[in-house]
Amino acid sequence: MQNNADTSGLMVAERRQHILAVLERDGKVVAAELSRAFGVSEDTIRRDLREMANEGLLQRVHGGGLPVSRVNPSFPARERQRPKAKEELARAAATLIKRGQVVFIDSGTTNVAVARHLPRDLEATVVTNSPPVAIALSEHPRVEVVLLGGRVRKDPLAAADGVTIAGVRQIRADLCYLGVCTLDPTFGVTTLDLDESYVKRAMVEASAEVVALVTADKLGTVSPYVVAPLSELTWLFTERGVSQEALAPYRAAGVTVTQDLEAEPA
């Protein structure tokens, strides 16, 4: 029979609630620190973290755990999440594109907003794997739109397969607006979908500079599939309400961080 208490006197369920509280407070948990705090072995903590990860409560990483992404993969549902913050991020980031540039705009609801906010007098070429981005630009008078081929995944509404990647690799872009699901200083850009990770990685590799528009809830979170290390980002646009302490690792990695937005109430 499994013992539901440990040498610290805590029940297993109670200890795991404490772990979740530390995770929420610090944005991460470290197995060695938890072992000392609870007076149990690191093997016990690793078992806790493994089982909590299986329940979707955290993302298991080497040496500890990180918050899991709470992003809903449904495109219409994501359109309803923090629309004001996304619009403000997009308005600020859309000014980066210069006349004559070739630009990747990756899939994602925030990137659709970027497409809507491109200046009407801008002359540029936008390459995208996102039908919603292409539609948003269909009435722009001066932007040429190149829609990448491939199998369209219905939840993100984006092309993501070998055909898409082959198309990306034929282009050398000046700028890439990367769709970001999760972003963490240690693990960089990660995503929930393996096929999407390959397309995003190809866009990063084919671009001179990379832009990430990230609402506060996505910072310090991690998903299973790696897209790129933090060092690959050029710009990070996020909300003013994010603390300078939280943003310090991004700046230390050489990323230009822009905060010019009021935090939107959750």
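Start with the largest pocket, which has a volume of about 1100 Å³. The model is a predicted one, in which local features need pLDDT of at least 70, side-chain atom pairs count only at pLDDT 80 or more, and totals for chains, interfaces and linings use all residues. Residues are numbered from 1 along each chain as its sequence is written, and side-chain values use heavy atoms, with hydrogens and water left out.

**Stop 1: the pocket**

A pocket is an open set of points on a 1 Å grid over the protein atoms alone, where a 1.4 Å probe fits, with protein on both sides within 12 Å along at least five of seven lines; lining residues have an atom within 4 Å of a point. For the volume, grid points are joined across faces, edges and corners, and the space filled by probe spheres set on the points is taken.

Select Asp26, Gly27, Pro67, Leu219 and Gly220: of the 42 lining residues, these lie nearest the centre of the largest pocket. Next select helix 1 (12-26), which gives the most to this lining, with five residues. Strand 1 (29-30), strand 3 (64-66), strand 10 (182-184) and helix 10 are among the elements that each supply at least two. Helices (H or I, at least four residues) and strands (E, at least two) are DSSP runs, numbered from the N terminus.

Colour the lining by type: 19 residues are nonpolar, 13 polar and 10 charged. Here Ala, Val, Leu, Ile, Met, Phe, Trp, Tyr, Cys and Pro count as nonpolar, Asp, Glu, Lys and Arg as charged, and the others, Gly among them, as polar.

**Stop 2: Gly220**

Select Gly220, in the loop between strand 12 and strand 13. Is Gly220 buried or exposed? Gly220 counts as buried because its relative accessibility is 18%; buried means under 20% relative accessible area, exposed over 50%, and partly exposed in between (1.4 Å probe, protein chains only). Leaving aside neighbours within four places in sequence, Gly220 is in contact (heavy atoms within 4.5 Å) with Gly27, Pro67, Leu183, Asp184 and Tyr250. Now draw a line from Gly220 to Val68: they are 152 residues apart in sequence, yet 9.1 Å apart in space, C-alpha to C-alpha.

**Stop 3: the largest nonpolar core**

A nonpolar core is a set of buried Ala, Val, Leu, Ile, Met, Phe, Trp, Tyr and Cys residues joined through side-chain atoms within 4.5 Å. The largest one has 32 residues, and Phe104, Leu178, Leu183, Leu219, Leu233, Leu236 and Tyr250 have the most contacts inside it. Elements giving two or more residues to this core include helix 8 (162-168), helix 9 (194-205) and helix 10 (244-252). Helix 9 provides its largest share, four residues.

Pick Leu219 again. Beyond its neighbours within four places in sequence, Leu219 is in contact with Leu183, Val214, Leu236, Thr238, Val242, Leu247 and Tyr250. Apart from this core lies another, of 26 residues, among them Val103, Leu122, Leu137 and Phe237.

**Stop 4**

Lys200 is found in helix 9. With a relative accessible area of 4%, Lys200 is buried. Not counting residues up to four places away in sequence, Lys200 touches Asp106, Ser107, Leu178, Gly179, Thr191 and Val227.

Move to Leu34, in helix 2 (residues 31-38). Leu34 counts as buried, at 4% relative accessibility. Ile19, Val29, Ile45 and Leu49 are what Leu34 touches, residues up to four places away in sequence not being counted.

**Last stop: the whole protein**

Zoom out to 10 helices and 15 strands. Buried residues make up 51% of the 266 residues.
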